[in-house]
Amino acid sequence: MKIIYSKAPTTWHVLECVINIIDLQIYRLPTFPVTATDIDVSKSHVLHVSPILAGTDEDSSPSDEIAKNICKKDKDSKTFTSSLFLSVRSEILKFFTKFEAEMGSLNFYERFSRTFRENPSLSRFLVVFAVSGGGLVAYSEANIQTSPKIDELPEPGNEKKKVVVLGTGWAGTSFLKNLKNPSYDVQVISPRNYFAFTPLLPSVTVGTVEARSVVEPIRNIVKKKNVNVNYWEAECYRIDAKSKKIYCRSSQDDKEEFVVDYDYLVVAMGARVNTFNTPGVEENCHYLKEVEDAQKIRRKVIDCFEKASLPNLSDDEKRRVLQFVVVGGGPTGVEFAAELHDFVSEDLVKLYPSVKDLVKITLLEATDHILNMFDKRITTFAEEKFHRDGIDLKTGEMVTKVSEKEISTKVIKTGEVSTIPYGMAVWSTGIATRPVIMDFMKQIGQANRRVLATDEWLRVEGTNSIYALGDCATINQRKVMEDISAIFEKADKDKSGTLTVKEFQEALDDICERYPQVQIYLKNKHMSSLVDLLQESKGDVSKESIELNVEQFKSALSQVDSQMKNLPATAQVAAQQGSYLADCFNRMEECTKSPEGPLRFRESGRHRFRPFRYKHLGQFAPLGGEQTAAQLPGDWVSIGHSSQWLWYSVYASKQVSWRTRSLVVSDWMRRFIFGRDSSQI
């Protein structure tokens, strides 16, 4: 917003009157947001004092046609007159009439797209001219930006805390979306400038959903936030926790390196594919972790069918080329095998009828069953369905080597070795730590761990200002037995050396909040409270008479830590961690003054925040043929076509923007009507 004005009292009268006129004219055009772009106001329409009004003959700078007309009508006047006001009014009305005629020439599509490309709030453009004491007033408002630009650098002397976010996956994007506190300067560093909805990658491999439909540029996500955010397309190759610096290498030029300082570091870099050091995997197998991986698989599938259709290939070679092997019986491998089967049976057999009987899909799993993390009912149904569909399911077999045309396997129980010829192999067996994270773990004394260890507040153990979330980290839940003496001492307020029911009840909420394994243990034992646990340890006595010494208290809780489990490396966990950490940053100052967390059993006071608690919202396993297995909270299992529609609705609602939501839904509709596209693009 810019206002260039004279201090004469008449100026404000002019502003008030003319603004009212222009506001009324804008209401005539409710369909079209009037912006600076529409009338090219950026350079010439916001005017300064014109020499013409001062009675000089000097040449004026290029100015608005409206202002020239007004000045010609009352050139010699030094004060604002009613006739000049009428001239201003007349020129404004002419401008809006002309503007409305031009806008009316646009077709409906142009009007609609223009409206939604602009800021959702109706932009306005106002220009006010008044002559008062030899001054020209110009007022303009064009597409006002109330929030900082994404690449706006902090001003010198700005004391805002610098937060560096490494990664634009589920954890990092969730953190950015939920961060609302404007007291931070945020730098996002990632080699990819978009967020990808990874659960739909198996659908991308066969064209059920297009690749661009499942990605959202990170700049689109944060551009409307009231937080200073910079994005740099680069890769972090070293973290220096002592000096609070990270070393980065540009994705555009490998030789271009730079260093970034931070006050808080959020490590959300995800993980890489775990090959278990199997020979030949990196050279010959496809992965399914990034959008680019899904696009490569899609091209390879079509290439295999095109190659098998050539007249000079033998039948044995055609069978090898059309042998698709999926290694890994987890959700990703199972879903890809199901999607590939549907693609072949519903679309490709119609386009390649000469080779339809030669296609074979094989799924290899080292354990005894696929989908081990699901309910047994889902596992059984999935295995039976794959057998019915003709998918060759081999469980209990481990891949030992992958050559250019064959995969060597070994049966774990018997040691029997065999080979499988293949045309395309997809490796989906788990995740491993990235090299930069492994180097960082050595710095902070976690070299013997598989992934970064954090506390219950997602803070990396051994650091004060570094947080890690998503697949690159795991929460190292503190054991009850490590603090059992401190808990007893804190709960024993009268220092009697014994713990009564009343004393225990007063500390109950803090114990359960600090150690979630206690609640899990009680649930598995079908106990309503810890008092039942104490009563069990003391025998058949009334609750009011229970008193435990420290040794009895240790005995009562000795089995609680056996219920501790690490969280799965899923998108759901990463998204919840990002949202939780953003909420902590939003309320950092507030919770520092008034802590809301549980009691510090080894120290005085309370923890600043409540610990992170993962809330499982269910999981899906699409099995092909418009059938999906769903395992929802409350031990509810649903399998069939109804679960497929639930899958559609949940995955559509979980998209990060209305743009991707509409694209994904339209892709599903297109597939129902026209089938999947078989081009190599």
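How many helices and strands does the secondary structure of the protein chain come to? The tally is 23 helices and 28 strands. Keep in mind that you're looking at a predicted model. Below is a quick tour, starting with the whole chain and then zooming in on two residues.

**The chain as a whole**
- The protein chain has 681 residues, and 49% of them are buried.

**Asn 277: a loop residue with a positive phi**
- You'll find Asn 277 in the loop that runs between β11 (272-273) and α9 (281-284).
- Its phi is near 55°, which is a positive value, and Asn 277 isn't a glycine.
- Is Asn 277 buried or exposed? With a relative accessible area of 75%, Asn 277 counts as exposed, because the cut-off for that label is over 50%.

**Leu 458: another positive phi**
- Leu 458 also belongs to a loop, this time between β21 (452-454) and β22 (466-468).
- Phi is positive here too, at about 70°, although Leu 458 is not a glycine.
- What is the relative accessibility of Leu 458? It comes to 0%, and since buried means under 20%, Leu 458 is buried.

**Putting the two together**
- Asn 277 is exposed, whereas Leu 458 is buried.
- Both have a positive phi: near 55° for Asn 277 and about 70° for Leu 458.

Methods
Residues numbered from 1 in each chain as written. Predicted model: local features only at pLDDT ≥ 70, side-chain atom pairs only at ≥ 80, totals over all residues. Heavy atoms only, no water. Helix = DSSP H or I, 4+ residues; strand = E, 2+ residues; numbered from the N terminus. Buried < 20%, exposed > 50% of the residue type's maximum accessible area, 1.4 Å probe, protein only.
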